[in-house]
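The following report describes one protein chain for a reader who works with coordinates.

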Amino acid sequence: MTNTKIQIHLVFLQKVAPPPHTPSFFLPFHLQVADLYCLACELALCEDCLSDHEEHPKVPLSQALEQHRSSLQERLGIVQNRLPQLSDALSFVKEILQQLTNQRTSIEEDIQSSFEDLHKQLDVRKSVLLMELEVTYGLKQKVLQAQVDSLVRGEGDINATCTQTEEALAGEACVASLQVERELGERLAELASLGLPCQPEENDQLDLVMETDGLRKSIHNLGTIVTTSAVASQSEAMGIGLEQCIVGHPASVTIVTRDKSGGACKSGNAILSAEVFTPDGSIVDGEIVDHKNGTYEFVYTVPKEGNFSLALRLYDQHIKGSPFKLTVTRVSPSTTTGAKRRGKSPGQKKKGSKRASSALGTPRRKTQNPIEDDLIFRIGTKGRNKGEFTNLQGVAASSTGRILIADSNNQCVQIFSNEGEFKSRFGVRGRSPGQLQRPTGVAVHPSGDIIIADYDNKWVSIFSSDGKYKAKLGSGRLMGPKGVSVDQNGHVIVVDNKACTVFIFQLTGKLITKFGSRGNGDKQFAGPHFAAVNKNNEIIVTDFHNHSVKVFTPEGELVLKFGSNGEGNGQFNAPTGVAVDVNGNIIVADWGNSRIQVFDGSGSFLSYINTSADPLYGPQGLALTSDGHVVVADSGNHCFKVYRYLQ
């Protein structure tokens, strides 16, 4: 009875004023109880209505109500399911907005600081010029004033003596005046022959030369705000390198950046990153070339065959179609003469190449123990926790017995003891000063400060030994710093991978010098990676795509170049990490050949470090620990390894 009353009541209300959007099964104007629903007319039916809907499909009203509720609930669920997506998008856009604001603040501070520094330099120059004016004027004024004083004295003496003589001559000549007249005569004779400076001993020239036209032009063009409207969702990639490449051969992909409307961007400087990786992590390095017209080229080389993924990100977001599936194959021996062979142990050497005990103290194992090698221990797996890595790059070792690892994709630096014990980690992801976006190189200054090359932030950050941010350098000058080192004067050496230039800074950020450009000449680079400094304060740079190592003076003059493309002793397939021992021997990580080679100071091949038992896979940064071992970032295996190396 209760349900019946409710149904009649609802129908009665419907007579008075049906509210908008009311379901059609509430619309009949009958006082009978509606217990059926016409699917064709979408109406609730009572017994009085049945005759008008005899041929129409009908279902119980309760079923129709349940289906309607179910449909409404389903639509509600669909809409509600969008809320997390919208929430994530909102958070992400807010984060970008905050980063944009932070970047604006940072640039504003840089502008203020730069112009304050220029003001100070102008004031200093002004003071120097005024001081120089006073000194120059003082010297010339002193000479002329001394000449004036001498002439005044001479003039006074002559006038006084002449007056006395005239007075004597006006009196009568007598024996009493004879002595006085004799003295006056001698005085007049002296004055007649007196050498007075009658010609000017100085000139009056004081001129100011201010060549301000060039300075005004420089000031007019001083500083540029660099940006682009490129967005990842509209940007796209093309080229055969998206699908396949040949082992050991460079492959190329072209990226075209577009704005939110799909229009092609015409300017460069967008922040792009690229990775070629297997399902278990990133392994392949490469170089991104900015053509400055909105298009970019990613050139990479894969050291082994298999199925890989290629991820192309713009501002940390995948572009259209990314990640791409990539097939890496070998070149058929019949199609290429002298094609590279793989599978040879890095420990195998040409006949007659002997391990030098002065370079490597631990001898090769006897052939009956081929599994043993020089590995002491390895630390790390793929992950984001302490002691785990994702695309580790640079390595440094401190004199205090610490090993520092630039954990690139985890945006942090991890610190271990020489024995491999985890000590600490620091780093916060971001694009503001004090944050890390893509740390690739790390070095320790003699002061204890930790120096980090941040590839994507395009600057070098300086942290205290306990990971507290102190300063940055190179902002506005660097395009893609990869490796960092410190010379014997405490200067910071930065290898700019993207600009193909080596910069040398004071720790304060003042640029001392720079050298290098893109190319294959002696003083040119193609994607340089890391640097080391020998006891002569010479800078040793690995030239990745030119497959060579180059040694320069601190002024940038080439001293030595060695290496060529290949798998033989002394050859490279894209060298990366480099270090120098106390004897001047040069240790080089051979990335494409997955090995470590040792050379003497003149570039002659000495030996390999034996890595046969646990092979390297795309080694990156390399350093010598304070206890005389070699530590290398085994990027493809997501770990670092420490090897015996007695100097």
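Helices (H or I, at least four residues) and strands (E, at least two) are DSSP runs, numbered from the N terminus. This is a predicted model, in which local features need pLDDT of at least 70 and side-chain atom pairs count only at pLDDT 80 or more, while totals for chains, interfaces and linings use all residues. Residues are numbered from 1 along each chain as its sequence is written, and side-chain values use heavy atoms, with hydrogens and water left out.

In these terms the protein holds four helices and 39 strands. Of its 647 residues, 43% are buried, where buried means under 20% relative accessible area, exposed means over 50%, and partly exposed lies in between (1.4 Å probe, protein chains only). The protein exposes about 34400 Å², of which carbon and sulfur atoms supply 53%; accessible areas come from the Shrake-Rupley method with a 1.4 Å probe, and for residues only the protein chains shown count as cover. With contact taken as heavy atoms within 4.5 Å, residues 24 or more positions apart account for 53% of the contacts with a separation of 6 or more.

Helix α2 covers residues 61-170, which makes 110 residues, and reaches 157 Å from its first C-alpha to its last, close to the 164 Å expected at 1.5 Å a residue; the expected span is 1.5 Å times one less than the number of residues. The buried residues of α2 include Leu61, Ala64, Gly77, Ser106 and Lys140, and what covers the buried residues of this helix includes β1 (36-38), β2 (43-45), β3 (58-60), α3 (175-192) and β22 (469-473).

A nonpolar patch on the surface is formed by Ile107, Ile111, Phe115, Leu118, Leu222 and Ile225, with about 490 Å² of accessible area together. Patches are made of residues with over 30% relative accessible area and no salt bridge, like charges being joined within 9 Å and nonpolar side chains (Val, Leu, Ile, Met, Phe, Trp, Tyr) within 5 Å; a salt bridge is a side-chain nitrogen of Lys or Arg within 4 Å of a carboxyl oxygen of Asp or Glu. Leu222, one of the patch residues, is found in the loop between α4 (212-220) and β4 (231-238).

Thr228 is also found in the loop between α4 and β4. Its side chain reaches the backbone nitrogen of Ala230 at 3.3 Å, a polar contact being a pair of N or O atoms within 3.5 Å, where within protein one must be able to donate a hydrogen and the other to accept it, and residues adjacent in sequence count only if both atoms are side-chain atoms. Not counting residues up to four places away in sequence, Thr228 touches Cys265, Ser267, Gly268, Ala270 and Tyr315.

| Residue | Relative accessible area | Class |
|---|---|---|
| Leu222 | 41% | partly exposed |
| Thr228 | 13% | buried |
| Thr508 | 69% | exposed |
| Cys500 | 0% | buried |
| His638 | 4% | buried |

Thr508 lies in the loop between β25 (501-505) and β26 (511-515), and its C-alpha is 8.7 Å from that of Lys472, a residue 36 positions apart from it in sequence.

Some backbone features remain. Cys500, in the loop between β24 (492-496) and β25, has a positive phi of about 55° although it is not a glycine. Phi of His638 is likewise positive, near 55°, in a residue other than glycine, and His638 is found in the loop between β38 (630-634) and β39 (639-643). A cis peptide bond, with omega about 0°, joins Ser322 and Pro323, and Pro323 is found in the loop between β12 (317-318) and β13 (324-329).
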